[in-house]
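Q: I am new to this structure and would like to learn how to read its pockets and cavities. Can we go through them in turn?

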Amino acid sequence: MVAAMDISIRKAERSKLQDLNLENLPFGKFFSDHMLEADYENGEWKNIEIKPYQPLLLSPSLAALHYGQAIFEGIKAYKDKNGEAFIFRPYDNFKRFNISAERMAMPAVPEELFMDGMLQLVGLDRNWIPTQQDHSMYIRPFMFSSDEMIGVRPSENYKFMIILSPSGPYYSAPMRIYVEEKYVRAVTGGVGYAKAAGNYGAAMYATAEAKKKGYDQVLWTDPFEHKYVQECGTMNVFFIIGNTAITPSLEPGTILPGVTRLSAITLLQEMGFTVEEKNISIDDLIDAYKAGIFYEAFGTGTAATISFIKELRYKDFVMQFDVDHWRTAPALKQWLTDIRTGHKEDKYNWMQKV
Ligand SMILES: *Cc1c(COP(=O)(O)O)cnc(C)c1O
């Protein structure tokens with residue numbers, strides 16, 4: 001065991017919770033009373049503090065704003081039926097955070113800072129965890145370079161922070177998806193497997209174009225042939241074909257290794273599916289669709305959990321799904337929700353008690 005970090009706590013004088021109704025919340029718009037902030041200076045993490053949520057005062061020359069060393073995580077906290085607070089698989093996010101940090105030439109965040117900091121912060125603001133259906137408290141750890149200098153090199157200074165947002169559902173309606181053939185999200189050797197802020201900025205134009213055409217999101221494909229499927233917007237993607245659940249392989253380094261993806265693989269196997277992580281092309285999907293064995297398609301991610309795909313369009317070929325008669329994705333979604341809210345056994349120890 002590593003010694004606990006010295007986290008100082010300065011409490012808000014007045015809770016903003018009195019001003020907010022924790023029902024029917026939008027996603028990511030409201031923030032709890034406190035935040036965690038820590039500075040990396042001279043090779044060490046210091047000034048570790050939980051304090052009232054407030055704006056930052058930053059120099060216009062802040063390195064992150066110019067050269068984009070910025071990474072983040074997304075995690076959710078829930079209350080079970082007894083009112084106890086739990087966080088879903090936070091250690092997996094901690095590990096992924098440092099994989100992203102390494103790829104972006106940023107320092108690792110120690111486990112005690114990330115995990116103890118998060119547990120203390122969520123513990124302090126536990127009254128902000130909403131209990132209404134499909135609501136949760138979204139936890140956003142992030143790190144950015146904070147050198148005050150315009151120069152292209154890894155910063156010497158960084159800030160690590162955690163903020164908390166009590167939130168309602170993310171996307172709710174089944175999605176119409178446009179198979180992207182012009183723009184790309186990730187290439188082998190790139191940063192697709194890292195949760196880097198720039199990946200999102202780089203994806204917005206293609207998404208906006210797809211929205212103009214009447215779609216909700218794009219299905220990203222490989223950069224060479226635009227055939228092999230990668231991810232659906234900012235979610236991992238699964239296809240139910242016959243008795244097999246297929247999700248793109250992490251092997252090419254172009255896929256963000258989702259914690260929801262990993263959980264879905266485990267539960268789908270328990271449901272009796274053969275789960276294959278492999279390269280799958282649009283042509284394979286079309287063949288299965290024509291053969292009548294392509295039953296379901298859905299995205300997975302912390303924000304939305306499971307998002308159903310009701311339409312997939314590739315060139316002029318449209319694949320449509322009768323979402324109302326699906327059996328797998330809705331059951332998977334329900335199962336995950338039940339584990340998170342304590343209504344089903346957590347046999348894999350995914351829920352970390354606060
Ligand atoms: C965060 C993210 C996911 C989903 O990961 P989870 O750990 O399940 O939330 C999938 N794809 C991308 C591009 C992401 O950034």
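Q: Which helix gives the most to the lining of the largest pocket?

A: Some terms come before the answer. On a 1 Å grid over the protein atoms alone, a pocket is an open set of points with protein on both sides within 12 Å along at least five of seven lines, a cavity is a set where a 1.4 Å probe fits but cannot get out, and lining residues have an atom within 4 Å of a point. Helices (H or I, at least four residues) and strands (E, at least two) are DSSP runs, numbered from the N terminus. Here helix 4 gives the most, with 6 residues.

Q: What kind of model is this, and how are residues numbered?

A: This is a predicted model, in which local features need pLDDT of at least 70 and side-chain atom pairs count only at pLDDT 80 or more, while totals for chains, interfaces and linings use all residues. Residues are numbered from 1 along each chain as its sequence is written, and side-chain values use heavy atoms, with hydrogens and water left out.

Q: How much space lies in the largest pocket?

A: A volume is the space filled by probe spheres set on the grid points, which are joined across faces, edges and corners. For the largest pocket this comes to about 600 Å³. The pocket is lined by 34 residues, and F72, Y170, K195, Y200 and T234 are the closest to its centre.

Q: What takes up the space of the largest pocket?

A: A molecule sits in a pocket if more than half of its atoms lie within 2 Å of the grid points. In this model the ligand takes the space of the largest pocket.

Q: Where is the largest cavity, and what is its volume?

A: Rolling a probe the size of a water molecule over the atoms shows where empty space is left. The largest cavity, of about 40 Å³, is lined by residues including G74, F88, T260 and R340. Strand 5 (75–79) and helix 5 (259–270) each supply at least two residues of that lining.
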